[in-house]
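Hi there,

Here is the structure I promised to pass on. Have a look at it first, and then read on for what turned up in it.

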Amino acid sequence: MELKQIRPETTENLDGCPDPAGRSLVAGKVDLKGLDEAEMVSMCEELGEPAYRGRQLFSWIYGKRAPSFEGMTNLSKPFRERLAERARVGVLAPERLEEGADGTGKFVWRLGDGEHIESVRIPMPGREGEKRWALCISTQVGCAMGCTFCLTAKMGFVRQLSAGEIVEQYLAAARRLPEGEHFRNVVFMGMGEPLDNFGPTVKAARLLIHPNGVALSPRRLTVSTVGITPRLKEFIEAVPGVGLAVSLHAADEETRSRIVPVNRKWGMADLLRACRELSAHERRRITFEYVLLKGLNDSPEDARRLAARLQGVRCKINLLPWNPFEGGSFERPSESRVEGFRAVLAAQGYIATVRQSRGLDIRAACGQLVDDVKMAERAGKVRRSTPAPMR
Ligand code: SF4
């Protein structure tokens, strides 16, 4: 495993303390990262500039991934100076990039308040001479959902990320790709439950697909949820065309409630009813994620039950053999057991694939993301120094 110390950005870090409107404030300055196009237009108009200036600014921040005002050459210098008095361009501070044997890279970002989040870039097969990646980003620091097979759950919930902090994971990671390489797919599948941070998640997704900004195709963005059932429809209506992945992980209510505690509040029957309706009305295929835990939910009988329960939902199923971590209380099933499970689903006419575990050696695979410092604090092994006051 190779650990890279990354040169810090030259501009300020995202302070990570969003105001109620989702903006980050440092010494009274508005962080442009996280503002949408209408908000930037309105700010420029307040500064006496025409609306198109706001659109240019939006394009610099998200489309060209500018980390500061300096390079925004089609904005006049006096205007950039006035902007800098009022606003700032927040960037995430990269603490390190860990690179695994399979080419997967895990960014550990330090937020302005001292918290840490992680994003994972995964190499994807591309055409000859083309290098492309998938990027998995976080939506919360920690997670409140308590899934028993997931290391992030052991951190508990720390705080929500702002829309700017979510989008900046993409922008900061993209700034570090070599020339000519790009992120083809983006998934909100890192630390946290996206729909438990609904407003910033929706705003970040809109910023990523905005044609004047990052311009990611909606088909290339997927948001994963553990099943906050009342929010599903609202989310799909808020960001049409974006992919939805639902973490199911069991074929019956009892097993699901054991490993996905949120099932006790929003049960599997209601969740699948909502998915069935969405897939029918929106004519969309939903992805179901299913972590395979040896001896718990990985039998051929479980696969048959799952197939029966998914009837009528346009879907595909991603099978994820459990990724182990220290202190985890499950076992990963054998390859033949996993293939047997997949074959039962395929025989019933489902598209079922086994997701390869990527970045296992750097603990970057699904369910393995965590803030080590926070975990050590929780275990009483270290005491974190008080974060510096915000700038
Ligand atoms: S699996 Fe996802 S929703 Fe469940 S605890 Fe982990 S991060 Fe949260």
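Setting aside residues within four places in sequence, Phe149 is in contact with His249, Ile259, Val260, Val291, Leu293, Trp322, Phe325, Phe330 and Gly367. Phe149 also belongs to the largest nonpolar core, which has 114 residues. Along with Leu32, Phe188 and Phe288, it is listed among those with the most contacts inside that core. Where does this core lie? Domain 1 (34-88) and domain 2 (93-376) both contribute residues to it, so the core sits between the two domains.

Now for the ligand. Around it you will find Cys143, Met145, Gly146, Cys147, Cys150, Ala153, Gly192 and Val226. By type, this shell splits into six nonpolar residues, two polar ones and no charged ones.

Is Gly146 buried, partly exposed or exposed? Its relative accessible area is 30%, so it counts as partly exposed. Leaving out neighbours within four places in sequence, Gly146 is in contact with Ala153 and Pro261. Gly146 and Val262 are 116 residues apart in sequence, yet their C-alpha atoms are 8.0 Å apart in space.

Two threonines come next. Thr229 lies in helix α7 (residues 229-238). With a relative accessible area of 14%, Thr229 falls under the 20% limit and is therefore buried. Not counting residues up to four places away in sequence, Thr229 touches Trp266, Asp270, Leu271 and Ala274. Thr287 is in strand β14 (residues 286-292). Its relative accessible area is 11%, so Thr287 is buried as well. Beyond its neighbours within four places in sequence, Thr287 is in contact with Leu244, Ala245, Val246, Lys316 and Asn318.

If you check the backbone, there are two residues to look up. Arg65 has a phi near 55°, a positive value in a residue other than glycine. Arg65 is placed in the loop between α2 (51-63) and α3 (77-86), and at 29% relative accessibility it counts as partly exposed. Ala215 is not a glycine either, and its phi is positive at about 60°. Ala215 lies in the loop between α6 (198-209) and β12 (221-225). With a relative accessible area of 43%, Ala215 is partly exposed.

Of the 391 residues, 54% are buried. Among contacts between residues at least 6 apart in sequence, 66% join residues at least 24 apart.

Finally, how confident is the prediction? The mean pLDDT of the protein is 88, and 89% of its residues reach 70 or more. Over residues 1-25, though, the pLDDT is below 50, and this stretch has 82 contacts in the model beyond near neighbours in sequence. The pLDDT is also below 50 over residues 383-391, a stretch with 15 contacts in the model beyond near neighbours in sequence.

Happy to talk any of this through.

Best wishes

Notes:
Residues numbered from 1 in each chain as written. Predicted model: local features only at pLDDT ≥ 70, side-chain atom pairs only at ≥ 80, totals over all residues. Heavy atoms only, no water. Near = heavy atom within 4 Å. Nonpolar A, V, L, I, M, F, W, Y, C, P; charged D, E, K, R; others polar. Core = buried A, V, L, I, M, F, W, Y, C linked by side-chain atoms within 4.5 Å. Buried < 20%, exposed > 50% of the residue type's maximum accessible area, 1.4 Å probe, protein only. Domains from an automatic or database assignment. Contact = heavy atoms within 4.5 Å. pLDDT = per-residue confidence, 0-100. Helix = DSSP H or I, 4+ residues; strand = E, 2+ residues; numbered from the N terminus.
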